[in-house]
Amino acid sequence: MPRPSLRAGMSQDWPHDPDGEEGSEGRRKYGHAVIAKKVDDEADFPLDVSEFVADHGDDPVRIDHETVVPLRDIFAEVDADSFDGIQEMHRALGRAMREHGFWAYEGAEASPPEPTDA
């Protein structure tokens with residue numbers, strides 16, 4: 001599936017450096033990991049998605065070595081109003097990222113296996 005229109009590289013309109021400590025930590029963290037560090041798995045849940053996006057929507061999320069998108073673009077594809085726990089958020093976020101071209105997986109398989117709800 002082709003990626004949606006994504007902003008590439010750094011831009012002057014980011015609220016902070018996409019590769020600074022608030023972003024991808026010098027390109028050590030990408031995509032899902034950048035988003036996960038914005039929540040506390042105990043204190044922030046249940047999590048209201050619209051409040052989270054209002055607070056962090058303009059934050060840059062590095063998808064791969066050349067692509068950075070605002071967090072709100074990723075959450076626009078998440079089909080939930082709230083999450084009761086971090087695992088629920090991770091499953092929905094991962095699914096949305098894979099289905100809408102925000103998952104830069106370059107492993108041996110064409111696509112990673114779907115997580116199970118075990």
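This is a predicted model: local features need pLDDT of at least 70, side-chain atom pairs count only at pLDDT 80 or more; totals for chains, interfaces and linings use all residues.
Two residues are taken to be in contact when heavy atoms of the pair lie within 4.5 Å. On this criterion, among the contacts in the protein between residues at least 6 apart in sequence, 57% join residues at least 24 apart.

Of the 118 residues in the protein, 38% are buried. The accessible surface amounts to about 7,000 Å², with 45% of this area belonging to carbon and sulfur atoms.

In soluble globular proteins, nonpolar side chains tend to be buried together. In the present model, the largest nonpolar core contains 22 residues, and the most contacts inside this core are made by Ile-35, Val-61, Ile-74, Phe-75 and Phe-83. Two or more core residues are given by each of helix 1 (31-36), helix 2 (49-56), strand 2 (60-64), helix 3 (71-75) and helix 4 (86-99). Helix 4 provides the largest share, with five residues.

When neighbours within four places in sequence are left aside, Phe-75 is in contact with Ile-35, Val-49, Phe-52, Val-53, Phe-83 and Leu-93. Among these partners, Ile-35 and Phe-83 also belong to the group with the most contacts inside the core.

Key:
Residues are numbered from 1 along each chain as its sequence is written. Side-chain values use heavy atoms; hydrogens and water are left out. A nonpolar core is a set of buried Ala, Val, Leu, Ile, Met, Phe, Trp, Tyr and Cys residues joined through side-chain atoms within 4.5 Å. Buried means under 20% relative accessible area, exposed over 50%, partly exposed in between (1.4 Å probe, protein chains only). Helices (H or I, at least four residues) and strands (E, at least two) are DSSP runs, numbered from the N terminus. Accessible areas come from the Shrake-Rupley method with a 1.4 Å probe; for residues, only the protein chains shown count as cover.
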